[in-house]
Amino acid sequence: KFAELRRTDNIFETDNMDCYLKDRDRLQLSSWLGKECHFKLLYKISRDGGSPQTFHYLCDNKGPTVTIFYNTDNNVYGGYLSESWLSSGGWITDRSSFLFQFYSNSEWKPNKIPLKIREQNVLFYESNGPTFENLPSFEGNIEKTSNRFEMSTKGLFSGSYYNTGLKNAQSIANGHNNLTDLEVYLVKDGPAEPWREPPIWKSETLDSLKEFIRSFQPKEELNVPEVNILLVGQVGAGKSSVVNTINSIWKGEISTRSWAGSSEHSLTTSFTKFRISDPSTGTHLKFRLCDMRGLEETMDVKLEDIAFLLDGNLPNKYKFNPVARATKDTPGFIKDPTMKDMIHTVVFVIDGSNVEVMPDGIIKKLKDIKDMLIDRDVPVLVLVTKIDKVCNDVDKDVEEVYFSNAVKKTVDKVSDVIAIPRSHVLPVKNYEKERTLQNNISILAMEALKQALLFCQDFLENQS
């Protein structure tokens, strides 16, 4: 869903979003381009400043774009470039380029303005903002004065390069090019609407998620100081990497708490409860991520051991034995567990790139565990990892996750196989090849952790 626009004193405003592009505008652009498209905001002059260098830094080498001018008289118009913006090259020829009009004095009057002269119609130059023949923007740095950005009017809608027909600068822009804002959007192939509402990919979103997690407190009357979240998954699915990813986000840099990597058998051999520290408070967060041996078809974890884990009988650092289950005589066995020893939510971790070939034995094991959870009223959440291997667009930009049909199909497949609601299946990407933290990867991980904590809260409320 996209924010609705309102106008105050002739200035476009928007709630909860940085961009002004409305659903109707997006659909109209897709129609003109002859394919389903969605749009990602790259540059916004009121937010990023009127510097050509900033514009080129944010927009060069990204792919096709639309540039939208928001005129102070509530005229909205712009231009489409089928190539990437560049900082050099001078006037170039883009035969697929066109100009357009959305609104005329606040009224919806969409109009595509095609090329008339198919040569040297777009300017690539480091000292200029986005510049088309018949639609200039700015040269050199530009500041906002008297609540407007005064753009160039040289050749504005003169019809010399783009066929404006009977229209001109007066009828399209009221004879001036003074703007309240200017935006540049990357044009991406794919559905105009996301298959699931995406978060706002900003540092404020990550901060808000971390604040929720930081302030999370289990129910005091149940004497549960920390909730226990058990990670369950096939060998190589990324359980231990989930621990490392969440720890890295809170530490502020890439770190490793649990062994992760590729191996024939599980690198994790013991049941381990990980506490995560919050550097801003110097205390531990009120949850523990519980890692366990990965599921295999041969050297596998006994279902009896998993039952003991769920019920709180097995101690921290219990070492799994693939050929023998735990008993009441196992060292450290907790004979009378309390609520704080139990597992409060289980998270299945599933390799998204491996869903179609997941062994039947692993699927059966996950379903058997789910039956045990149902008997105990323990919630289950599923994290689909390695989404960058599911979709090339997501590999290039994680923010494409909710526009990716491949990821959607993977989520749907996992939901069908495990037989749980699709809303309980969350796509994530662990930190694996990255050397620095990225907001988009961190936001997906923190959204998943928040959901797991909410499920823990549901479990404890049911128990109380």
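Because the model is predicted, local features need pLDDT of at least 70 and side-chain atom pairs count only at pLDDT 80 or more, while totals for chains, interfaces and linings use all residues. Residues are numbered from 1 along each chain as its sequence is written, and side-chain values use heavy atoms, with hydrogens and water left out.

Let's start with helix H5, residues 203–215. Helices (H or I, at least four residues) and strands (E, at least two) are DSSP runs numbered from the N terminus. H5 has 13 residues and reaches 18 Å from its first C-alpha to its last, close to the 18 Å expected at 1.5 Å a residue; the expected span is 1.5 Å times one less than the number of residues. Thr205, Leu206, Leu209, Lys210 and Ile213 are buried in this helix, where buried means under 20% relative accessible area, exposed over 50%, and partly exposed in between (1.4 Å probe, protein chains only). Seen down the axis of H5, these buried residues fall within an arc of 130°, so they line one face of the helix. The arc is taken from the directions from the helix axis to the C-beta atoms. Among the elements covering that buried set are helix H6 (239–251), strand S15 (283–291) and helix H12 (439–463).

Thr205 counts as buried because its relative accessibility is 19%. Leaving aside neighbours within four places in sequence, Thr205 is in contact (heavy atoms within 4.5 Å) with Pro199, Ile200 and Ile443. Follow the chain to Pro199, in the loop between strand S12 (178–189) and H5. Pro199 is buried too, at 12% relative accessibility. Not counting residues up to four places away in sequence, Pro199 touches Thr205, Tyr402, Ile443 and Glu447.

Now look at Glu133, in the loop between strand S10 (131–132) and strand S11 (149–150). Glu133 is buried yet has no salt bridge, meaning a side-chain nitrogen of Lys or Arg within 4 Å of a carboxyl oxygen of Asp or Glu. The nearest side chain of opposite charge, Lys154, is 7.6 Å away; Lys and Arg count as positive and Asp and Glu as negative, with His and the chain ends not counted. Residues touching Glu133 include Trp91, Tyr161 and Tyr162.

Finally, the cysteines. A search of the whole structure finds 0 disulfides, a disulfide being a pair of cysteine sulfur atoms within 2.5 Å. For Cys37, the nearest cysteine sulfur, that of Cys391, is 15 Å away. The sulfur of Cys290 is 9.3 Å from the closest cysteine sulfur, in Cys456, too far for a bond.
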